Amino acid sequence: MKTFVKNRSSFSIALCFVCVATFAAAPEFFAQRRTNAGGRVLRAAENISGDRFEYQAVTPRGARILSVSRPHAETLRAIDEGLTQLFAVARKNNYRSRTNHSDYTIFIARPDRTQNRQGGYSPDIAVGAAQYAGGRYDQGGYVYAAGMVVALETCAFMIAEHNQNWSRVSDAVRFEGEHLVLYHNDPARFQATRDHSRGGGHPIMK
Ligand SMILES: [Zn+2]
């Protein structure tokens, strides 16, 4: 299992059953604009997962993908579908900012497990436990997440690579994206819902 020494102190994370959202503490961490996701945001993603994201793709609707291997066409469609669902519910809440597929960068990481405790197909990423340490999700210094936010300003998040169950990809995309839509449209609601360790989960927007 990988170590999290670097990240432990600089991240707080928010957990629900399908998602952990991580947010760097320092605002300058997110200073890069979206045109430079190859810089700090890429390094942040590499630090979180320990992976190298050597493949690039663009979904049919324009979301940017950085992945550990060539992404399945089904994965790209599932990502688009999750974002489409997200933007539809965002419009119902009168949120307009960052509601285009091209606003988003999604990292597809190598899963640290592919089965949950019940034996179900559940590709997840292990991340440092932070405030979940000692809690019910703690696996010994880390927790498993279907997805996590990588950068707020540039709208980047990470999911685990899937080979089946594409609807789970769409759900993870929609749920991670909720934090980013809220950050850019409703900061108070973002703050109130970012940390699932205090309760709450997804979907946030109805
Ligand atoms: Zn979440």
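Which residues have the most contacts inside the largest nonpolar core? I'll get to that in point 2, after a word on what we're looking at.

1. **Ground rules.** This is a predicted model: local features need pLDDT of at least 70, side-chain atom pairs count only at pLDDT 80 or more, and totals for chains, interfaces and linings use all residues. Residues are numbered from 1 along each chain as its sequence is written. The chain has five helices and 10 strands; helices (H or I, at least four residues) and strands (E, at least two) are DSSP runs, numbered from the N terminus.

2. **The core.** Back to the opening question: A45, I106, F107, M148, V150, M158 and I159 have the most contacts inside the largest nonpolar core, which has 49 residues. Such a core is a set of buried Ala, Val, Leu, Ile, Met, Phe, Trp, Tyr and Cys residues joined through C-beta atoms within 7 Å. Two or more residues each come from α2 (37-49), α3, β5, β7, β8, β9 (147-151), β10 (156-160) and α4. The largest share, eight residues, is α4's.

3. **Contacts across the chain.** Take the contacts with a separation of 6 or more: 64% of them join residues 24 or more positions apart. Contact here means C-beta atoms, placed from the backbone, within 7 Å.

4. **The five-strand sheet.** This open sheet runs β3-β4-β5-β10-β9, with mixed pairing; two strands pair if DSSP finds at least two bridges between them. β3 and β9 are the edges, each with a single partner strand, so one side of each has no neighbour in the sheet. From one strand to the next, the twist averages 25°. Helix α4 packs on the sheet, touching β5, β9 and β10, and its direction makes about 40° with that of β9. Axes are lines fitted to C-alpha atoms, for helices over the stretch in contact, with angles from 0 to 180 degrees between N-to-C directions.

5. **Pairing, strand by strand.** β3 and β4 are antiparallel over four bridges, with Y55 partnered by S67 of β4. Their hairpin has five residues between the strands, and G62 there takes a positive phi near 105°. β4 and β5 run parallel, joined by four bridges; R64 has T105 of β5 as its bridge partner. The β-α-β crossover from β4 through α3 to β5 is left-handed, so I'd look at that one on screen; right-handed would mean that, with the strands pointing away from the viewer, the path from the first strand over the helix to the second runs clockwise.

6. **The β9-β10 end.** All of β9 is covered: five of its five residues are buried. β9 pairs with β10 in the antiparallel sense over four bridges, and A151 stands opposite A156 in β10. In this hairpin, with four residues between the strands, C155 has a positive phi near 55°.

7. **Helix α3.** With 20 residues (73-92) at 1.5 Å a residue, α3 should span 28 Å, and its end C-alpha atoms are 29 Å apart, which agrees. The expected span is 1.5 Å times one less than the number of residues. Buried here are T75, L76, A78, I79, G82, L83, L86, F87 and A90. An α-helix has 3.6 residues a turn, so residues three or four places apart point the same way. The buried residues of α3 pack against β3 (55-58), β4 (64-67), β5 (105-109) and α4 (166-185). After the helix comes N94, with a positive phi near 65°.

8. **M205.** Leaving aside neighbours within four places in sequence, M205 contacts V89, A90, N93 and E178. M205 and K92 are 113 residues apart in sequence, yet their C-alpha atoms are 8.9 Å apart.

9. Three strands make an open antiparallel sheet in the order β6-β7-β8. β6 (113-115) and β8 (142-145) are the edge strands, each pairing on one side only.

Definitions and conventions. Buried ≥ 20, exposed ≤ 12 C-beta atoms within 10 Å, placed from the backbone. Contact = placed C-beta atoms within 7 Å.
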